[in-house]
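Hello,

Here is the structure we talked about handing over. My notes follow below it.

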Amino acid sequence: MALEHAILVSLSERAGSGYELTRRFEKSIGLFWSATHQQIYRVLKRMEEAGWVAVDVVAQSGRPDKKVYTVGDAGRAELVRWLAEPDPGAGPVELAVKIRGATFGDPAKVAEEIVRHRAKHAERLDVYRQIEKRDFPAPAALTGRHLHQYLVLRGGIRVEEGQVEWFDEVLSAMDAALHPKDAR
């Protein structure tokens, strides 16, 4: 994923200036994607040149004019394409941005991507648990390097458990949104 996609999601949610985007990144997307003010402005310039964003110049009294960016047709098309594109190497940051932007594309395609990643993490979790059972049958008796190896393995298990649980939560919520129950 490129910063462009995170910006497209943010601007799809609400138009804004480069300064406003920087503040939004600090308060929301920036919790998992870091971008400096300079990076955002450089990328906005490239996106404008590519036709992904449109710029409205707003005159301000006593200050320089403000550029307000909105997503253009080419930017919407790129966002839809990216949201639907499988990415086996995507990490939690890319997936979080895709989930956040799902409403601007095909949520079912984003859910398919989550299913693929969930399967990968569940497989890794199974391998870790097999190693734990095979190599560390009595963890309470461990000391020294064996204890330290076990603790690292436990960290991996906890990370994978968390990923699988989060994917399950995301899929459940997305399924409920895609297939609302009868409200009789």
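**Domains and contacts**

The protein chain is assigned two domains, domain 1 (1-101) and domain 2 (107-178); such bounds come from an automatic or database domain assignment. This is a predicted model: local features need pLDDT of at least 70, side-chain atom pairs count only at pLDDT 80 or more, and totals for chains, interfaces and linings use all residues. Residues are numbered from 1 along each chain as its sequence is written, and side-chain values use heavy atoms, with hydrogens and water left out.

The C-alpha centres of domain 1 and domain 2 are 32 Å apart. In contact (heavy atoms within 4.5 Å) are 12 residues of domain 1 and 11 residues of domain 2. The two domains bury about 870 Å² between them, 71% of it on carbon and sulfur atoms. Buried area is the accessible area (1.4 Å probe) that two parts lose on being put together, summed over both.

Salt bridges next (a side-chain nitrogen of Lys or Arg within 4 Å of a carboxyl oxygen of Asp or Glu). The count comes to 15, with zero between domain 1 and domain 2. One of them joins Glu13 and Arg100 at 2.8 Å, N to O. That pair links distant parts of the chain: Glu13 sits in helix H1 and Arg100 in helix H5 (residues 92-101), 87 residues apart. Helices are DSSP runs (H or I, at least four residues), numbered from the N terminus.

In H1, Leu3, Ala6, Ile7, Ser10 and Leu11 meet Leu21, Arg24 and Phe25 of H2.

Best wishes

Conventions: Helix = DSSP H or I, 4+ residues; strand = E, 2+ residues; numbered from the N terminus.
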